[in-house]
Amino acid sequence: MTEVRIQALTKRYGHQTAVDGLTFDVPAGAVTAFLGPNGAGKTTTLRMLVGLARPSAGAALIDGRPFAELPNPRRAVGALLESGGFHPGRRGRDHLRILAGAARLPHARVDEVLDEVGLTEAGRRRVRGYSLGMRQRLGLAGALLGDPGLLVLDEPANGLDPAGMAWLRALLKRRAAAGHTVLVSSHVLAEVAQTADHVVIVHRGRLRYEGPAGGDLEHTFLTTTEATSAV
């Protein structure tokens, strides 16, 4: 099982502090919802966790190491932080083959993940013809290629219809039940309430709440964020 630990994590951009001494753990074998208002520091935190931004202080550790020090990072961590990055003229299957080759993964995984995300037929089409929801599924397929112990997803439900959201919910729960670690940022509280086992709420770059999911999530979110908005 993959352990994730955020320790006094801080990120400054000039005089602006986007993440301010953030500390929390992400339990293995569970879906952890990472919540906060727009601009709370969620995406910056996730970018530091997967090595796309360097902390100003503190650490984001995966099994006790920063992402850059993992021996096989693409196999250990699957990340979807945005739905872009696809060449519009490239077929979905070819996009995944390139990712698999770069990670030294067997090409057989391409068809497996296309089937898992429901894009078996669409994988033969060029990405320019994909809807936003299909691009999200393709991004998820890329994150799943290495069968990683940790999934890090930023707003993965964007563009998904109700059936797609139900499918995503089942996928995340299935990964967690198999012992994998799932960290997902979302602003859809009703969906989070049906999916998450653990909740972390941040506001203005600081931790406001951490604990098991349950109870009135909307009330917890509003009281922990609005109470600090006037400070």
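So, here we have an open sheet of 6 strands, in the order β5-β6-β7-β3-β8-β9, with mixed pairing. Pairing here means that DSSP finds at least two bridges between two strands. The edge strands are β5 and β9 (206-212), each pairing on one side only. From one strand to the next, the twist averages 15°.

Quick housekeeping. This is a predicted model, where local features need pLDDT of at least 70 and side-chain atom pairs count only at pLDDT 80 or more, while totals for chains, interfaces and linings use all residues. Residues are numbered from 1 along each chain as its sequence is written, and side-chain values use heavy atoms, with hydrogens and water left out. As for the labels, helices (H or I, at least four residues) and strands (E, at least two) are DSSP runs, numbered from the N terminus.

Now, β6. How many residues of strand β6 are buried? It's 5 of the 5, residues 150-154, so the strand is largely enclosed by the rest of the structure. Buried is under 20% relative accessible area, exposed is over 50%, and partly exposed is in between, using a 1.4 Å probe and protein chains only. In a regular strand, side chains alternate between the two faces of the sheet. Here Leu150, Val152 and Asp154 point one way from β6, and Leu151 and Leu153 point the other way.

On one side, β6 pairs with β5 (residues 77-80), parallel, over 4 bridges, and Val77 sits opposite Leu150. β6 also runs parallel to β7 (residues 181-185), joined by 5 bridges. There, Leu150 faces Thr181, and Val152 has Leu183 as its bridge partner. To get from β6 to β7 the chain goes through α6 (residues 162-177), and that β-α-β crossover is right-handed: with the strands pointing away from you, the path from the first strand over the helix to the second runs clockwise.

The axes of α5 (residues 132-144) and α6 come within 13 Å and cross at roughly 10°. Axes are lines fitted to C-alpha atoms, for helices over the stretch in contact, with angles from 0 to 180 degrees between N-to-C directions. α5 and α6 are therefore roughly parallel (under 35 degrees). On the α5 side, Arg137, Leu140 and Leu144 meet Gly164, Trp167, Leu168, Leu171 and Arg175 of α6, contact being heavy atoms within 4.5 Å. And α5 lies across β5 and β6, at about 165° to β5.

Notes
Parallel < 35°, antiparallel > 145°, perpendicular 65-115°, else oblique.
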